[in-house]
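Biologist: I have a structure open on my screen and would like to talk it through with you. Shall we go one topic at a time?

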Amino acid sequence: MRFFRHSGRWQGKVREVLRHTPLRAMVQADKKRRRRERYLALGFRQDAIKTFDHHDCHAATAYFGQKERDAPMLVITVDGSGDDLCSTVSVGQDNRLERRYSTEWSHSFGTLYAVVTYMEGMVPNEHEYKLMGMAPYASPNASRRISDRLHSLFEWASDGSPTWRRVPGVPHTMHAQPTLEKLFFEQRFDSIMGGLQLFTEEMLCELVRRAVKSTGIRRVALSGGVFMNVKANKRIMELDEVEHVFIFPSCGDETNAIGAAYLAQAERRGGGAIAAIGSFYLGPEWGETDISAALAPHVACGTLHVSRPDNINGAVADLLIAGKVVGRFAGREEFGARSLGNRAILADPRNPEAIRVINEMVKNRDFWMPFASSIAAEYAETYLVNPKGTAAPYMILSFDTTKAGGESLKAGIHPYDRTCRPQVVTREDNAEYWDLIQRFAALSGVGGLLNTSLNLHGMPLVHRPEDAVHVLLNSGLNLLAIGPFLVTKALP
């Protein structure tokens with residue numbers, strides 16, 4: 001917050017001037033030296049340390065993370081900034097990547113989104129999703145007006161290439177707050193959010209169109225933090241120019257370590273040796289002994305009651321049908337920003353009242369923010385409008401819902417535009433969670449669940465059994481399915 005506060009003032013102007021002097025190279029070299037010293041202190045050998053370009057890592061996740069590499073793939077990265085760039089366009093072919101185009105980070109509309117997030121009184125690089133969630137509520141005409149004003153700050157390359165720049169006189173987007181204050185003067189907060197979202201969607205769609213036209217490749221793979229915007233991803237998926245789209249799950253900087261590992265393996269063994277990402281359950285699984293040890297002191301003092309149903313999924317399905325909200329801690333932990341059912345809070349998706357209950361119990365989310373749905377693969381076609389058959393196992397895409405989807409998943413879709421950010425669950429990816437959804441479907445006729453992450457507001461997804469117990473004890477949540485056990489809080 002302090003960094004963004006200063007960026008629109010004189011401190012930001014001074015920083016921008018200094019970026020174009022030898023001082024910047026000295027600062028960067030010092031940062032690199034200090035990082036290397038920390039690696040060596042951890043025991044790594046000097047000759048074992050290998051670094052890779054930021055956007056190359058994003059591109060590697062997008063290309064090597066998807067399964068089908070027989071045909072050429074158009075690989076696009078967009079983020080706030082990384083190694084002085086905000087976007088690249090590459091071609092992936094024969095298990096190799098070749099960069100064709102790039103855009104320098106001072107022109108970043110991802111950074112612009114973060115600056116507006118700060119201006120709206122929210123935390124930049126964290127709360128952008130709240131602006132995306134509010135956007136559908138804004139007046140379309142007001143959103144269009146704001147979007148047009150934002151478009152006036154940028155211009156696309158005249159030769160048709162997939163690059164853009166700020167128009168002359170517009171400052172570096174990191175320092176654009178004074179310019180934006182003039183554009184937004186006397187405009188409603190929701191109009192600003194809606195206009196910013198519309199502008200971002202249109203910029204990304206134009207980037208993809210130009211990249212497709214420049215390369216002739218209609219199969220697209222995407223990565224970088226801007227593609228965490230599921231509504232923009234929906235617009236890209238729907239483009240006539242796009243035949244197939246893959247977006248690497250949790251595609252912000254948190255997965256650049258995976259991209260670096262892909263690049264290192266490609267150098268050593270060739271890209272053909274790299275296995276595509278399948279299930280994103282990359283974390284640990286905790287056994288009964290660990291779970292029992294975490295529960296024992298609370299059981300001993302009478303705070304928690306523990307039972308062991310004959311079938312934990314059957315017991316949870318019965319509770320959900322009865323209108324209860326249940327925490328779920330099971331199997332291997334999912335990686336990244338989205339709950340994929342194993343560290344989750346679950347509810348009956350037919351019941352909009354569950355939204356208020358979960359918010360009051362645990363989440364304290366802004367009232368306009370929607371929850372998501374986990375849908376058994378067998379029901380996806382019934383609930384989602386997906387004419388291209390795009391796979392959606394990671395909650396990184398959104399879809400319009402069918403009439404059946406809108407009715408069956410009321411609590412797990414956006415309440416205004418009725419879009420859904422689904423996790424489509426297959427038996428192959430997560431047999432236990434798939435079984436739970438099927439058991440719920442057998443009782444309700446609905447093949448999906450409301451799913452939100454198991455954590456306290458502002459905290460990360462729970463990791464250890466102790467973390468799940470901590471959430472149970474420090475929230476209004478009363479029921480937790482953890483491993484084979486069903487845990488209930490004692491009545492006060």
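**Contacts, cores and salt bridges**

Modeller: Leaving aside neighbours within four places in sequence, Pro 72 is in contact with Gly 92, Gln 93, Ile 217 and Arg 219, where contact means heavy atoms within 4.5 Å. A word on the source: this is a predicted model, in which local features need pLDDT of at least 70 and side-chain atom pairs count only at pLDDT 80 or more, while totals for chains, interfaces and linings use all residues. Residues are numbered from 1 along each chain as its sequence is written, and side-chain values use heavy atoms, with hydrogens and water left out.

Biologist: Thanks, that helps! Where is Pro 72 found, between which helix and which strand?

Modeller: Helices (H or I, at least four residues) and strands (E, at least two) are DSSP runs, numbered from the N terminus. With that numbering, Pro 72 sits in the loop between helix 4 (54-64) and strand 1 (73-82).

Biologist: Is Pro 72 buried, partly exposed or exposed?

Modeller: Buried means under 20% relative accessible area, exposed over 50%, and partly exposed in between (1.4 Å probe, protein chains only). The relative accessible area of Pro 72 is 29%, so Pro 72 is partly exposed.

Biologist: Which salt bridge does Arg 219 form?

Modeller: A salt bridge is a side-chain nitrogen of Lys or Arg within 4 Å of a carboxyl oxygen of Asp or Glu. Arg 219 lies in strand 6 (residues 219-223), and its partner is in the loop between helix 4 and strand 1, 151 residues apart. The N to O distance is 3.0 Å, and the partner is Glu 68.

Biologist: Why can such side chains pair?

Modeller: Side chains of opposite charge can pair when their charged atoms come close.

Biologist: How far apart are the closest N and O atoms of Glu 37 and Arg 33?

Modeller: Glu 37 and Arg 33 are four residues apart in helix 3, so about one helical turn separates them. Glu 37 is partly exposed at 41% relative accessibility, and Arg 33 is partly exposed with a relative accessible area of 41%. They form a salt bridge, and their closest N and O atoms are apart by 2.8 Å.

Biologist: Which residues are linked with Arg 33 in a network of salt bridges?

Modeller: The pair of Glu 37 and Arg 33 is a salt bridge. The network that links Arg 33 and Glu 37 also includes Asp 30 and Arg 34.

Biologist: What is the reach of helix 3 from its first C-alpha to its last?

Modeller: Helix 3 (residues 22-41) has 20 residues. The expected span of a helix is 1.5 Å times one less than its number of residues, and for helix 3 the expected value is 28 Å. The model comes close to that, with a reach of 29 Å.

Biologist: Which residues have the most contacts inside the largest nonpolar core?

Modeller: A nonpolar core is a set of buried Ala, Val, Leu, Ile, Met, Phe, Trp, Tyr and Cys residues joined through side-chain atoms within 4.5 Å. The largest one has 113 residues, and those with the most contacts inside it are Ile 76, Leu 150, Leu 180 and Phe 227.

Biologist: Which helix gives the most to this core?

Modeller: The helix in question spans residues 189-215 and gives 11 residues to the core. That is helix 9.

Biologist: Which residues does Leu 180 touch?

Modeller: Leu 180 is among those with the most contacts inside the largest core. Not counting residues up to four places away in sequence, Leu 180 touches Leu 112, Val 115, Val 116, Met 119, Leu 150 and Leu 153.

Biologist: How many residues are in the second, separate core?

Modeller: This core includes Leu 304, Ala 347, Ala 354 and Phe 371. Its number of residues is 26.

Biologist: Is Ser 250 buried or exposed?

Modeller: Ser 250 lies in the loop between strand 7 (244-247) and helix 11 (256-269). Leaving aside neighbours within four places in sequence, Ser 250 is in contact with Met 228, Thr 255, Phe 280, Gly 336, Ala 337 and Ile 396. Its relative accessible area is 6%, so Ser 250 is buried.
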